[in-house]
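Hello,

I am handing over the structure we talked about, so please have a look at it before reading on.

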Amino acid sequence: LKRLASTMRCSCSLLLLLGSALRASSFSVPCHAAASGRPAAATSRGTVSLADVDAASTAFYTDEVRKESYPSMADVLDAKVADPDLRRLMLTLFGAFATVSAALRAELVVKAEEQKSVFGDVQLGVDVLADQLLWDVCRSEPLIKTGSSEEAPDVREMHAGGRFCLCWDPLDGSAIVDNNWAVGTIIGIWPAATGVIGATGRDQVASMVANYGPRTTAFATLDDGVYEFTLGVGGADGWLCSRERVRISPQSRIFSPANLRTARHELPGYGELIDYWLDQRYTLRFCGGLVPDICQQFSKGQGVLTNPPGGDTAPAKLRLAFECAPFSLLVEAAGGKSSDAVTGGSVLDVPIEGIDQRTSIAIGSADEVDRFNALVLPSVRAGPIAYVDGQPTTHGLNAGKAPAPRPPQDGRRSPIFLAEPSGTENGKAPPASQQRGGWGDQNVY
């Protein structure tokens, strides 16, 4: 028993060392300039090259190289945000992101005792905590004239003399946070002169998104582009600027298709677009969380997310003011493009006529958004085809085949649906290029 206890103590020590190394591995140091201005302690951690792990060409590993030092978030905002009031507000919001990040690591994911979402969305305890924190910011910061939360359908006046109007989604990704997947906070900042209602996304003075994953990162539009900041790495006490002037390439080999259920019946053009990406051997990177699915475009420098309207059976679900407008400002500032998935125009030019206004979107690498517009918009303009159970597929790789059995109306999936999606024979999966059909029958967003 003594020998066993000694062995277990050694194993636990090794696991703790490994955990510490993993938490700091993104920033091999020396790494200076914490948010407090104090230099971080230097270590001698090495780096792993792609050759060491025999990475495939489709893996899209980071090509970031270590820098000798990283500036603090406060220093970057001082240099890159000319408006002192906006700079002060952004500093406050970065502090709120850090508090939400800490809460996510300390709170269990359970339903809130009191459900207050007027939209009928299920609220979790962490949802409520993040939302209350941002309302506290609004109440305590005189610069904020009005505040609006995705959890409520109104615009509330906070300070009559405030200069800015805030719209936020406190914790986007509530449906996947219990899986311990990345989630995030989305904030759009409008000037008080325009307000939110009646304005467009292009009127925003800035937008910010926090991505809570194994690390906590945040992306913000500054005066000269998009910057990435990372919280508490390399021994830093606060935020470091981990990427400057983030750019999204016009070309992409990564795709993230939301509302995929429409690709088989309602929108033939969407099915053709998915077929193109599969035929051209694009790489699917999609988790069903809007924040990580778009933020990968900043870290990978490429990507496209698509979420077209599918009529009554799969309508647009994303909110213009709380989600699509702030993200479109970030992506377009990084050289990407957005489409409202109806006219093909930028999401930033869509007037905000109601705080709960919904929209479809295609966003990311410009060439892929153009391809979406060319292939999908004709189907949208013609009107989505109504889905009918048992109706054969009319387009794409599975044309003429019967669709996958639909899940029962009570939400449970039948054994047939689990065992033999569309295109299978005797329980065997079809070739990779033909595995579309029944696998996409989810409206994640």
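Below is what turned up, starting with the cysteines and then moving on to a threonine, a sheet and its helices.

Please keep in mind that this is a predicted model.

The cysteines

A disulfide is a covalent bond between the sulfur atoms of two cysteines. Searching the whole structure for disulfides gives zero. Take Cys165: the closest cysteine sulfur belongs to Cys167 and lies 8.1 Å away, which is too far for a bond, as a disulfide needs the two sulfur atoms within 2.5 Å. Seen from Cys167, the closest cysteine sulfur is that of Cys165. Cys165 counts as buried because its relative accessibility is 2%, and Cys167, at 0%, counts as buried too; the cut-off for buried is under 20%.

A threonine in a strand

Thr185 sits in strand β4, which covers residues 183-191. With 1% relative accessibility, Thr185 is buried as well. Its side chain reaches the backbone oxygen of Pro170 at 2.7 Å. Beyond its sequence neighbours within four places, Thr185 is in contact with several residues, among them Phe97, Leu134, Asp169, Met208 and Tyr212.

The sheet

Next, there is an open sheet of five strands, ordered β10-β9-β11-β15-β13, with mixed pairing. Its edges are β10 (283-284) and β13 (337-339); each has a single partner strand, so one side of each has no neighbour in the sheet. Strand β9 (residues 254-257) runs parallel to β10 and is joined to it by two bridges. In one of these pairings, Ile254 has Thr283 of β10 as its bridge partner.

The helices on the sheet

Helix α6 (residues 268-279) packs on this sheet, where it touches β9 and β11 (304-307), and its direction makes about 150 degrees with that of β9. Helix α8 (residues 320-333) lies across β13 and β15 (361-364), at about 30 degrees to β15.

Where two helices meet

What do the axes of α6 and α9 do? They come within 6 Å and cross at roughly 145 degrees, with α9 spanning residues 366-382. On the α6 side, the contact includes Pro268, Tyr270, Leu273 and Trp277, while α9 contributes residues including Glu368, Arg371, Phe372 and Val376. The residues of this contact divide into eight nonpolar, two polar and three charged.

Best wishes

Notes
Residues are numbered from 1 along each chain as its sequence is written. This is a predicted model: local features need pLDDT of at least 70, side-chain atom pairs count only at pLDDT 80 or more; totals for chains, interfaces and linings use all residues. Side-chain values use heavy atoms; hydrogens and water are left out. Buried means under 20% relative accessible area, exposed over 50%, partly exposed in between (1.4 Å probe, protein chains only). Helices (H or I, at least four residues) and strands (E, at least two) are DSSP runs, numbered from the N terminus. A polar contact is a pair of N or O atoms within 3.5 Å; within protein, one must be able to donate a hydrogen and the other to accept it, and residues adjacent in sequence count only if both atoms are side-chain atoms. Contact means heavy atoms within 4.5 Å. Two strands pair if DSSP finds at least two bridges between them. Axes are lines fitted to C-alpha atoms, for helices over the stretch in contact, and angles run from 0 to 180 degrees between N-to-C directions. Ala, Val, Leu, Ile, Met, Phe, Trp, Tyr, Cys and Pro count as nonpolar, Asp, Glu, Lys and Arg as charged, and the others, Gly among them, as polar.
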